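I opened my notebook to record what I could look up in this structure.

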Amino acid sequence: MDKTPPPSLPAASIESLRASFAGRLITDPTDQEPFLIDWRRRYRGRALAVAMPDSVEDAAAVVRWCAERRVPIVPQGGNTGMSGAATPDDSGRAVVLSLAKLTKVRAIDTVNNSITVEAGCTLDSVREAAAAAGRLFPLSLPSGGSCTIGGNLSTNAGGTGVLRYGNTRELCLGLEVITAEGEVWNGLRGLRKDNTGYDLRDLYIGSEGTLGVITAATMKLYPQPAAQITAIAAVADPHAALKLLEMAQGKLGSSLTAFELISDLCLDLVARYFPDCQKPFREASPYVVLMETSDSESEAHANAGFESLMEAAIEAGVVTDAVVAQSLAQSQAMWKLREFISEAQSAEGKNIKHDISVPISDIGRFIEETNALVEKAFPGIRMVVFGHLGDGNLHYNVSPPVGRTGTEHEAWFLGLQPAINLMVHDAVAAANGSISAEHGLGQLRRDEAARYKSPVEKALMRRLKAAFDPLGIMNPGKVLSED
């Protein structure tokens, strides 16, 4: 099928788009600005228009208009992505399809333990709706007030509860999707068992808008826990953290919901830029582990479990110090140490980010060997390592040497990025890991991912893309490289 780009569209054609749906159409470049730049301010594009439909039917009308004219479509939720997947290119040919107005909570079923919401609902609003019904929606991200369920599904977001509840994919029971032709597929069945053919839901989740537009989802809910307890433990190295994880899973079982590894440099950065956030221990420790348990019995039972774990870990020499939160305020203070790392690192200056995963058992060796490799190649470089140790996902970031600030030094540091990326990602590949654990490929990791995928895997992905999007209009330039 011919994929020749359309010529520039006349004003009359733009007016026909405006007339085709109910909602807002933004054509003024100044008003479009917030939709044309990504959250990290790394990518900036242009757009023919930004469409903000009032309903799913209106969103489908926008897609049909684009399909008829072969106009590229860039779906966008809260625009909080880390890989530039929701940012148009610089051609100015695309229509940005914002789902910000699709914010209905369509149904809550406390017997089926499910909630059906539209794609523009923010994550926090879904959590609040679930809580009002006496249920827990466990997906939790620092950007919960602005990221949307549609975006969470399009990138298969992870967060801090993956250890217990899984990624967004595992939390999704069904989807509603607009196809590349502008048809609406209603797969909102809310079933936990449905073995009637190809799983279309799983194909759309994580596809970053390149196969279709997710407009609604039925998500799993859980009973509210009787208690949630947080603790921080000091450990000498990631190997000790892994031993603690093994002990925690043995003693706490499935009640262990979060297990986060944080390096001392991360804590230093947070304390520097957020003075209200104090380091948890008087004596510095190379690493700390932040843990959370969700208990179905009582707060006393949860506290007893944590205290027993910490006593055993200290006695075994795995943990050097530990604190169990005794109040909600203490728990929130502990989580701020984790949640403010990215902001603190940004305040420190330019940094090189990696969102990677390796087999959990290999994390200690990976950090030890890759840190040494990068630090030897680039003396003075600082490794900012933190992440979801319980599911093997590390935010393996790099900051410049102390004192290397200013435009000239930033340019020097960012010039190292290709070499550092190659070094880190080659080490990930050697460990049978992934160069994108929860942020997606977007345009940031698109070409790098092609380097590590086999020809068979790349060919299969291209066949899927061609079958679902024969005109190539769904979020072009994302996920799949052009080669």
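Predicted model: local features only at pLDDT ≥ 70, side-chain atom pairs only at ≥ 80, totals over all residues.

**Entry 1**

Is aspartate 362 buried or exposed? I found a relative accessible area of 18%. The cut-off for buried is under 20%, so aspartate 362 counts as buried. Its side chain meets that of arginine 365 in a salt bridge, at 2.7 Å from N to O. Arginine 365 is partly exposed, with a relative accessible area of 30%. I noted the general idea too: side chains of opposite charge can pair when their charged atoms come close.

**Entry 1: helix α14**

Next I looked at helix α14, which covers residues 363-377. I counted 15 residues in α14. From the first C-alpha to the last, the helix reaches 21 Å. That is close to the 21 Å expected at 1.5 Å a residue.

Which residues of α14 are buried? I listed Ile363, Gly364, Phe366, Ile367, Thr370, Asn371 and Val374. They cover an arc of only 160° around the axis, so they sit on the same side of α14. The face turned away from that buried side carries the exposed residues Glu368 and Lys376.

How many salt bridges does the structure hold? I noted 23. I picked out two more pairs.

Glutamate 348 forms a salt bridge with arginine 272, and the closest N and O atoms are 2.9 Å apart. Glutamate 348 lies in helix α13 (residues 341-348) and arginine 272 in helix α10 (residues 264-273), so the pair ties together parts that are 76 residues apart in sequence. Glutamate 348 is buried at 18%. Arginine 272 is partly exposed at 46%.

Aspartate 202 forms a salt bridge with arginine 169, with 3.5 Å between the closest N and O atoms. This pair also links distant parts of the chain: aspartate 202 is in helix α8 (residues 200-204), arginine 169 is in helix α7 (residues 168-171), and 33 residues separate them. Aspartate 202 is partly exposed at 29% relative accessibility. Arginine 169 is partly exposed at 24%. I also saw that Arg169, Asp199, Arg201 and Asp202 are linked in a network of salt bridges.

**Entry 2: a five-stranded sheet**

I turned to an open sheet of five strands. Its order is β5-β6-β10-β8-β9, and the pairing is antiparallel. Which strands stand at the edges? They are β5 (105-109) and β9 (184-187). Each has a single partner strand, so one side of each is left without a neighbour in the sheet. Neighbouring strands are turned by 10° against each other on average, direction ignored.

I checked two strand pairs. Six bridges join β8 (residues 172-178) to β10 (residues 213-220). Cysteine 172 has methionine 219 in β10 as its bridge partner. Four bridges join β5 to β6, which run antiparallel. There, valine 105 has valine 117 in β6 as its bridge partner.

Then I looked for helices against these strands. Helix α3 (residues 56-69) packs on the sheet and touches β5, β6 (114-118), β8, β9 and β10. The direction of α3 makes about 50° with that of β8. Helix α4 (residues 123-132) lies across β5 and β6, running at about 145° to β6.

**Entry 3: positive phi angles**

Most residues other than glycine have a negative phi. I noted three residues with a positive value.

Asparagine 113 takes a positive phi near 50° in the hairpin of β5 and β6, which has four residues between the strands. Arginine 70 has a phi near 55°. I found arginine 70 in the loop between α3 and β3 (73-76). Arginine 70 is partly exposed at 31%. Asparagine 79 has a positive phi of about 60°. Asparagine 79 is in the loop between β3 and β4 (95-98). Asparagine 79 is buried, with a relative accessible area of 15%.

**Entry 4: a buried loop residue**

Last, I looked up alanine 157. Where is alanine 157 found? It is in the loop between α5 (149-154) and α6 (162-165). At 6% relative accessibility, alanine 157 counts as buried. What does alanine 157 contact, leaving aside its neighbours within four places in sequence? I wrote down Leu139, Leu141, Asn152, Asn167, Thr168 and Glu438. Alanine 157 and serine 140 are 17 residues apart in sequence, and their C-alpha atoms are 9.5 Å apart in space.

Methods: Residues numbered from 1 in each chain as written. Heavy atoms only, no water. Salt bridge = Lys/Arg side-chain N within 4 Å of Asp/Glu carboxyl O. Buried < 20%, exposed > 50% of the residue type's maximum accessible area, 1.4 Å probe, protein only. Pairing = 2+ DSSP bridges. Axes fitted to C-alpha atoms, helices over the stretch in contact; angles between N-to-C directions. Contact = heavy atoms within 4.5 Å. Expected span 1.5 Å × (residues − 1). Arc of directions from axis to C-beta.
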